[in-house]
Amino acid sequence: MIGRILALVLCILLLLAPMTGCWDYVEYNDLAQIIAIGIDFDKQTNNIVLSLQFIPTSKPSNGSGSQEQSKNNGLVHSAADTTLFGALAKLQQVVDKNFFYGYSKILVIGEDAAKNVLLPMMEIHDRSPAIRASSYVVFTPGKAENVLGTIDSSHNEISGNTLSRLLETVSSNGASFPVTIQKFMEMLSISGIEAVGPCAVTTVKELDVKGGTIDSIKANVQKEGKLMVSGLAAFKGSSLVGWLDQKQSLGLGWITGKKINAYKFTGSVSGAISDEAYFRVTNTKSKIKVKLINGNVSIDIDLKVTCSLRKYYAFNYTDFLDNKDLSQLKDKLSKSITGDIEAALKKGQKELQSDIFGFGFEFYRKYPKLWNQKYEKEWDEIFPEIPVNIKVDASITNTGTNIRNLIVK
Amino acid sequence: MIKKQKLTREQIFFSTFLGIIGNIVYIHTWISNDTNRASWLASFAGILAIIPFALWLMYISKFNPEGTIFDTIKQGIGKLPNCLLCIIFITLNVCISATHINMFAEMLRVFVFQNTPAPVFMFIMILIVFLILYSDITTICKLIEVLTVIGLINYFSCFVFAFPKMINIKYIIPIFDTSLPRLISGLIFMTSASSELLLFLMVIVSNIPDPFKHRSWVISGIISSAVVFSLAILIIIAMMSPEIAKRIAFGGVNAARLISVGTYIYGLEILVIGTYQFIALGKIIICMYCSWTSLKRIFGEKRPHLQLAFTALAIFITAILLNSYTKSYFFAVFLGRYILLPFSILVLILASISVKIRRNRTGSVAK
């Protein structure tokens, strides 16, 4: 009996021994919460410029911690080095708290970085468990540093938070689409698809370095301005090849079956007023069909769009929205959507020659053997010449709350 | 011979289930390059292919229902060859548990406790298993039963949140995008890696009441593990694409990290880490129990707890010597690829020969 008790005591002591030291314990107040990460590439010096936007947590004194936090616009520091880790190490030299990436919402990549060092940057973010792959990635035609340092004077919000919200809201009209790091990695990895990512622009051209500069570290960079998310960045392999504007992004959205909620088209212009129709898109179904006839590849895009009419201004229609009018509207809607798709195809297929539509992936799904044996290697040459047939079937299921135009007395 | 404690149907079912889900949780990615999208199918068929060997084992145990397979070999071929087999068997079990505990510890270090030394996790896990093994086999199997159920609930309750938004059917269909020889090669690897179950059955068979008659208990466990494991791989592929899934170290945890619930909960990996922990605990229990039982066959029932302590120490030392995820991964792949199934087949052949010898000697067949 005594032996058993002794053995139990020994086991408890042994279990307690490794629990005395908490190797990973860290106080919340000792963390700098990273909200957004920006990466730029300086072509002249071949340096990587890393910008971090963070909220320095502080102990709540009077009032709650959240109240204190809301007053804080966040800090943006940036540092340049030949490696990303070198830049990170430099930033840690000026921040007295440990960087915590658990709440990182967005990764902003500048144009030059997207063109020159994208793959190693993505590899680091993908391999490191600190950054969640569910956070968004966004590209900017200028510098990522400028995007992060933009302070929106209209509301007290950190640019990282603003950007992530903008990404979620902007997709409703198809001007751009949110892409997570995970989705971007998938597009980079999957054969037959080229990657795309949302594009963010800022009105800020040059930032104020409020905290001064020391050893290529810029402390507290910021300036008042406005952020906008519009269009998409298109890639070929791991390099940025061009930008898609709103119309082309919308076209890509139609082809790939993205969820688009609002749509408008403008018809003939008469003076200051034009024929206009606004729709709420209730359902979109896109099908990419690959055909292989006598070794020639062709693509059929079948798109079914179901809409509700929200507003329309027209001169040629009758007061009542009868079937004839709706039929005309449907035709115009189909033509307008076809125009968007054609614009996207012209840009992606002919100009950029990048399969951002995933036609190659659809080919692989239909003919996996042929793809692996032949077409995967030749796709870059085949893709720009593939004929694409577009069929848009639009239907308007209701006309909103009214069935007549507004009649002015 | 001493009458062995017999296990219930549920205990056998869950023990079989966990007997298979061992190192394959980590090393299944080894076949992904060959099998591509069909890796879940190769896993499913590979696990099912273990059934004939399990049936063979249970058939042999019919002739010695109260003993382990090694007892049968001892009675037929002799003490010395049996002793040699037991030493290899113990070594294999020690290696399996050491690789598994290493991969689990490093997974914790990657995702949760970056600064905590891996030996701390190893030590705590082994100590817990050591304390559990102080009990009798029925209690151990009851614990395995509970661990498996909680683990499964954890795993699938996490991935429920991935439906339907995060599931991409285009990543699954077409299922076959590989050649038949490559699919078969993946299937063989999975069968061989699943042979961890056969090692467990070699010992636990003495605790199954009338093993061959109740073979359905084991078979249903194997089928269930094949379904659950291949379903888990299928979900991971559907969420991440086969291209990404084949290059990640911890499929389930990585996939769970992508799931967000609303705007406040980012990542449900904690649930899947819990499942991996239960699997690790169950696997080490199984391996340590098998090693300990075989050690008792060599040294007799003298000071059994000292023998158990020795087994625990052997696992701990081997795990410390490995002390690397990568080393453990490739070592587990090596075991799965070249050692486990050939060794199991060798044991089964020797056991069959032993039965034959015994029949020739006695001129009768035991029931």
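1. Salt bridges. A search of the whole structure, which is a predicted model, finds 23 salt bridges over all chains. A salt bridge here is a side-chain nitrogen of Lys or Arg within 4 Å of a carboxyl oxygen of Asp or Glu. In general, side chains of opposite charge can pair when their charged atoms come close.

2. A pair within one helix. Glu123(A) forms a salt bridge with Arg127(A), and their closest N and O atoms are 2.8 Å apart. Both residues lie in helix α5 of chain A (residues 118-127), four residues apart, about one turn of the helix. Helices are DSSP runs of H or I with at least four residues, strands are DSSP runs of E with at least two, and both are numbered from the N terminus. An α-helix has 3.6 residues a turn, so residues three or four places apart point the same way. Glu123(A) counts as partly exposed at 30% relative accessibility, and Arg127(A) counts as exposed at 63%. Buried means under 20% relative accessible area, exposed means over 50%, and partly exposed is in between (1.4 Å probe, protein chains only). The pair also belongs to a network of salt bridges that links Glu123(A), Asp126(A), Arg127(A) and Arg247(B).

3. A buried pair. Which residue forms a salt bridge with Lys90(A)? The partner is Asp81(A), with the closest N and O atoms 3.5 Å apart. Lys90(A) and Asp81(A) are both buried. Ala80(A) lies in strand β3 (residues 75-81) of chain A and is buried, with a relative accessible area of 13%. From C-alpha to C-alpha, Ala80(A) and Lys90(A) are 8.2 Å apart in space, and in sequence they are 10 residues apart. Neighbours within four places in sequence left aside, Ala80(A) is in contact (heavy atoms within 4.5 Å) with Asn47(A), Ile48(A), Val49(A), Lys90(A) and Ser216(A).

4. Lys291(A) and Asp300(A) meet through their side chains in a salt bridge of 2.8 Å, N to O. Asn294(A) lies in the loop between β16 (273-293) and β17 (296-313) of chain A. Asn294(A) has a positive phi of about 50° although it is not a glycine, and it is exposed, with a relative accessible area of 76%.

5. Most residues other than glycine have a negative phi, and most peptide bonds are trans. Arg303(B) has a positive phi of about 45° and is not a glycine. Its place is in the loop between α15 (269-299) and α16 (304-322) of chain B, and Arg303(B) is exposed, with a relative accessible area of 63%. A cis peptide bond joins Phe163(B) and Pro164(B), with omega about -10°. Another cis peptide bond joins Ile173(B) and Pro174(B), with omega about 5°. Pro164(B) lies in the loop between α9 (137-159) and α10 of chain B, and Pro174(B) lies in the loop between α9 and α10 too.

6. A helix in chain B. Helix α5 of chain B (residues 51-61) has buried residues that include Ile51(B), Phe53(B), Leu57(B) and Met58(B). The buried residues of α5(B) pack against α4 (39-48), α6 (69-76), α10 (180-193), α11 (196-204), α12 (215-240) and α17 (325-362) of chain B.

7. Chain A as a whole. Chain A has 12 helices and 18 strands. Of its 409 residues, 49% count as buried. The C-alpha atoms of chain A fill a box of roughly 90 × 65 × 65 Å, taken along the principal axes. Among contacts in chain A between residues at least 6 apart in sequence, 72% join residues at least 24 apart.

8. Conventions. Residues are numbered from 1 along each chain as its sequence is written, and chains are lettered from A and ligands numbered from 1 in the order in which they are written. In this predicted model local features need pLDDT of at least 70, side-chain atom pairs count only at pLDDT 80 or more, and totals for chains, interfaces and linings use all residues, while side-chain values use heavy atoms, with hydrogens and water left out.
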